[in-house]
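Let's take a friendly walk through a protein model. Have a look at the picture first, and then we'll go through some details together.

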Amino acid sequence: MFIFNEDQNSHYYLHRQLDLGSFSYKIFLCIAIASIKMKNRKKNNTFAAMDIDKNYMNMCLQLAKQGIKDVSPNPMVGCVIVHKGEIIGQGYHQKYGEAHAEVNAINSVKAKSLLSNSTLYVNLEPCSHFGKTPPCSNLIIEHKIPKVVIGCIDTYSEVSGNGIKKLKDARVEVIIGVLERKSQELNKRFFNYHAKKRPYVILKWAKTQDGFIDVDRTDIEYLEKLKQETDLKNEEKPYNWITSNESKKLVHHWRTEVQAIMVGTNTAFNDDPQLTVRGINEANNPLRVILDLNLRLPDTLRVFNGSVPTIVLNYSKNEKRHNLEFIQINKEKDLVSEILNQLFELKVQSVLIEGGTKLLETFIESNLWDEARVFTGIKEFSKGLKAPILKQSPNTSLMFGEDHLDFFFND
């Protein structure tokens with residue numbers, strides 16, 4: 001009886017099982033070696049094909065990211081079309097309400113006759129429903145594209161496997177799950193919104209070396225001392241500013257990637273922030289959300305200047321003015337849940353909460369947050385308002401300029 005194990009990496013294993021001089025051994029050896037080569041060739045071809053699929057899917061993901069500022073509440077999608085190893089078309093979803101990635105990619109193909117012998121790569125399942133645009137799955141079928149490689153399934157109820165079913169019913173070969181985790185990560189805010197019925201919540205704050213988020217505003221003598229120690233010629237960096245200018249630019253970049261920015265009453269009053277995007281060309285300003293439960297804030301604050309759509313969550317009234325809306329929330333219900341429900345109704349998929357301490361801690365205590373980004377500057381205040389504390393280690397840490405930046409994920 002011949003015993004053969006293709007995992008053994010030498011003839012020695014075969015020699016132990018058969019007489020070296022036998023004719024049977026020589027025949028078996030030839031067959032075995034040929035079998036190994038054939039299987040290895042198939043394995044190598046499979047791995048090579050997987051690597052090729054991953055490379056094209058990576059291109060889809062990079063294309064998709066270009067839409068981060070303009071496609072919400074839609075997901076970010078990129079598409080690449082390949083014919084015999086050459087890219088003949090590519091595109092991404094550029095703006096909400098406009099053509100999807102698959103449409104732009106197909107339209108970019110000059111010789112449409114090549115599509116019937118091509119592979120379409122896309123990081124998210126093609127849509128199957130009529131929304132602001134026709135279904136992409138219909139367009140793929142119409143052009144007789146025989147193979148579609150998908151990063152991940154679209155869990156949105158209007159799609160959720162229906163696009164894949166439609167393609168398969170039309171006898172399109174469909175491969176699912178290439179760079180699936182990366183594809184899901186790219187659109188985590190979109191998936192979170194539809195799965196949890198709330199926006200993706202990002203907490204952000206900066207603290208000093210000695211753990212303070214703000215100065216002691218009740219000690220006038222202390223404040224005067226801080227002001228003297230600060231270079232007041234730099235109007236963009238007041239005495240209570242904790243982080244570097246590099247970190248400030250990063251925060252403005254973050255603002256372009258979310259649909260809303262939120263602060264509490266004390267932060268709005270004490271800092272009089274603009275809550276807009278500055279220093280970045282052609283950037284959209286997110287919705288400003290102010291929590292002013294008892295309507296204590298004066299209308300002279302910059303958040304009420306009407307330059308950017310702003311909502312004020314409060315316990316007293318519903319009222320609309322130019323670019324300003326007061327929305328009453330239920331005092332008897334959980335505050336964080338009420339906030340998130342209102343944002344969900346407004347179709348806000350992501351919100352960046354920038355303070356203050358009380359609002360941040362309320363979200364932390366409720367455990368209704370997804371991500372926290374915490375700067376630690378080089379300053380010390382010696383006294384003041386203590387920064388929030390997360391009872392977990394950061395998932396990622398890095399130095400950004402002179403500041404330390406920690407990322408926390410609430411998985």
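Strand 10 and strand 12 (residues 324-328) run parallel and are joined by five bridges; two strands count as paired if DSSP finds at least two bridges between them. In this pairing, L313 stands opposite I327 in strand 12. Strand 10 also has a link to strand 9: four bridges join these two, and they run parallel as well. Here L291 has L313 as its bridge partner in strand 10.

A quick word on where this comes from: the model is predicted, so local features need pLDDT of at least 70 and side-chain atom pairs count only at pLDDT 80 or more, while totals for chains, interfaces and linings use all residues. Residues are numbered from 1 along each chain as its sequence is written, and side-chain values use heavy atoms, with hydrogens and water left out.

Back to strand 10 (residues 310-314): is it covered or open? Mostly covered, since five of its five residues are buried. Buried means under 20% relative accessible area, with exposed over 50% and partly exposed in between (1.4 Å probe, protein chains only). In a regular strand the side chains alternate between the two faces of the sheet. In strand 10, T310, V312 and N314 point one way, while I311 and L313 point the other way.

Of the 411 residues, 46% count as buried.

What about the rings? The structure holds five aromatic pairs. Rings of Phe, Tyr and Trp (its six-membered ring) pair if their centres lie within 6.5 Å; planes under 30 degrees apart are stacked, over 60 edge-to-face and the rest tilted. Here are two of the pairs:

| Pair | Centre distance | Plane angle | Type |
|---|---|---|---|
| Y193 and F344 | 4.7 Å | 35 degrees | tilted |
| W254 and F407 | 6.3 Å | 75 degrees | edge-to-face |

Y193 sits in helix 7 and F344 in helix 11, so their pair ties together parts that are 151 residues apart in sequence. Y193 is buried, with a relative accessible area of 8%. W254 in helix 9 and F407 in strand 17 are 153 residues apart, and both are buried. Ring pairs also link W254, F375 and F407 into a cluster.

Finally, the charged end of K317 sits over the ring of F326, 4.4 Å from its centre. K248 lies over the face of W241, at 5.3 Å from the ring centre. For this, NZ of Lys or CZ of Arg must be within 6 Å of the ring centre and within 35 degrees of the ring normal.
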